[in-house]
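Colleague: Please go through this structure with me, one topic at a time.

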Amino acid sequence: MRKREKSKMRSNSKFQRPACTEDRISGLPDEILCHILSFLPTVQAVRTTILSHRWNHVWASVPNIDLCDNIEEFDHERFAGLVDHVLYSRGNSSIHRFRLHTKYMAELPWLDDWICTAITHNVVELDVDLARDSFSSEPVELPRSLYMCKTLVVLKLKLPSIITFAPHSDCFPSLKFLHVNVACPDAADSMGKLFTCCPVLEDLTIEAEPDGGSVLNVNISAPQLKRLRMNVFLCIVGEYYDYKTFINANTPNLEKFSFDGNVLAVFSSKNAKSLKIAKNNFEGLHAGSDAAELLHRHFAGIGNVEYLGVSAPIFGDPRIVYRYRLPMLNNLKHLVLLFQSCCSWQSLINFLNASPNLESLTFNKHAKCLKRHNKDELVHEWTPPESVPICLLSHLKTVRMQRFRRQPDEMKVAEYLLKHSEVLDYMIFCTRATYLREEKKLWDEVQKFPRVSQTCKIMFPKVCTENF
């Protein structure tokens with residue numbers, strides 16, 4: 001018996017793996033090692049030199065440089081020394097992405113040197129973020145070589161102070177993605193020059209955090225621009241905002257425009273025929289003295305869209321909802337409305353009357369309003385329009401009522417839409433009913449509403465996504 005066990009042990013020992021003493025990772029080609037290190041912050045990539053002599057110079061050929069001074073062990077001088085060491089250790093190897101996030105602005109010549117060095121190494125993506133706590137009143141002028149870089153495709157700038165640009169018509173020959181974040185609205189004139197000298201730009205994001213003034217003018221001239229995003233949030237806290245953003249665009253190929261902020265934006269364009277999608281979120285913004293006129297101008301500028309998202313109490317403000325007149329949105333097929341609880345139902349009627357070819361409607365009238373209102377300012381009653389909107393008679397196929405709460409005004413709106421939508425296929429109620437009894441009661445009530453469309457299906461989905 002013992003002989004059999006010894007024989008079995010000897011046979012099993014043949015399949016036992018020997019102890020691994022070989023460093024297989026270090027044996028990989030440099031190209032693979034560089035690819036692995038490219039996913040690490042540069043500080044960690046440099047630390048791989050302690051592994052063995054094989055790793056001493058691998059990090060210097062990594063195509064991506066990611067440097068951030070938010071690590072406690074770095075002070076001003078040490079971080080600057082690290083950046084110098086990383087950049088000047090690369091030899092002739094190219095830089096694909098250079099990401100520099102620093103809270104120090106005292107030594108601007110260093111910043112110029114670092115950017116220029118990245119440019120000489122054929123940088124493709126450049127991301128420079130100077131944190132707000134490094135605020136300086138001195139203008140920041142980026143090196144001229146940046147504008148002439150032929151390899152730069154992606155540029156991200158976050159600068160807290162005034163930006164001074166000195167571009168000309170031959171700038172940024174390869175730039176396709178531009179993201180600019182500034183804190184001072186006085187930089188608008190200089191920024192405007194930047195947005196008019198990008199011949200192949202396709203994607204533009206502008207973020208601003210003005211702390212004063214009344215107007216921000218942004219001029220954009222980009223023949224190949226397809227996507228434009230703007231975020232403007234006024235730093236002053238209050239219930240009413242008189243600050244306005246005027247966007248003058250010469251963008252014949254623009255397809256998507258979105259604005260997010262607590263100020264009123266007015267978009268105007270001479271040739272926006274390609275614009276298909278527009279999203280407008282004027283957070284917490286209520287009516288000003290000239291709001292009705294500006295709203296008309298804004299929607300005239302985006303009048304060719306097929307998809308429109310609107311979120312702001314200003315569109316349903318009871319003080320102007322009967323005064324502003326929407327231009328005809330003849331191409332609009334999909335409409336998403338997010339109104340605050342203070343809004344008048346007249347705003348829904350305004351959009352329905354202006355959208356004769358509307359096919360899909362999603363709306364929610366229960367967003368929280370940040371402003372305190374007097375009781376006489378709030379109008380919750382549903383008053384049917386004098387004539388049925390054209391879209392209900394011929395095109396509207398899907399209606400989705402988000403956060404439906406069975407309130408009297410909501411029930412009247414639902415009843416009106418079911419009664420007059422002749423080609424309606426789906427009436428979807430997204431409710432927060434927590435008990436089967438509540439949902440069944442709502443179902444029974446809605447089923448009693450008259451339906452002019454014989455193919456209309458009433459639905460209460462278990463999960464409702466709220467897309468804007």
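Modeller: Let us begin with Cys-197, which counts as buried at 5% relative accessibility. Buried means under 20% relative accessible area, exposed over 50%, and partly exposed in between, with a 1.4 Å probe and protein chains only. Please note that this is a predicted model, in which local features need pLDDT of at least 70, side-chain atom pairs count only at pLDDT 80 or more, and totals for chains, interfaces and linings use all residues. Residues are numbered from 1 along each chain as its sequence is written, and side-chain values use heavy atoms, with hydrogens and water left out.

Colleague: Which cysteine sulfur is closest to that of Cys-197?

Modeller: It is the sulfur of Cys-171, at 4.3 Å, which is too far for a bond. Cys-171 is also buried, because its relative accessibility is 0%.

Colleague: How many disulfides does the whole structure have, then?

Modeller: The search finds 0. A disulfide is a pair of cysteine sulfur atoms within 2.5 Å.

Colleague: New topic: how many helices and strands are in the chain?

Modeller: There are 12 helices and 20 strands. Both are DSSP runs numbered from the N terminus: helices are H or I with at least four residues, and strands are E with at least two.

Colleague: What is the strand order in the open sheet of 3 strands?

Modeller: The order is 9-11-13, and the pairing is parallel. On average, neighbouring strands are turned by 15 degrees against each other, direction ignored. Axes here are lines fitted to C-alpha atoms, for helices over the stretch in contact, and angles run from 0 to 180 degrees between N-to-C directions.

Colleague: How many bridges join strand 9 to strand 11?

Modeller: There are 7, and 6 bridges join strand 11 (residues 244-250) to strand 13. Two strands pair if DSSP finds at least two bridges between them. Across these pairings, Ile-220 stands opposite Ala-249 in strand 11, and Phe-246 stands opposite Val-266 in strand 13.

Colleague: What packs on that sheet?

Modeller: Helix 8 (residues 291-301) does, touching strand 11 and strand 13, and its direction makes about 45 degrees with that of strand 13. Contact means heavy atoms within 4.5 Å.

Colleague: Which residues make up the covered face of strand 9?

Modeller: They are Leu-216, Val-218 and Ile-220, while the uncovered face has Val-215, Asn-217, Asn-219 and Ser-221.

Colleague: And which residues of helix 2 are buried?

Modeller: In helix 2 (residues 30-37), these are Leu-33, Cys-34 and Leu-37. They cover an arc of only 100 degrees around the axis, so they lie on the same side of helix 2. The arc is that of the directions from the helix axis to the C-beta atoms. Helix 3 (42-46) is included in what covers these buried residues.

Colleague: What does Gly-303 touch, not counting residues up to four places away in sequence?

Modeller: Gly-303 touches Met-328, Leu-329 and Asn-330. Gly-303 and Asn-330 are 27 residues apart in sequence, and their C-alpha atoms are 7.7 Å apart in space.
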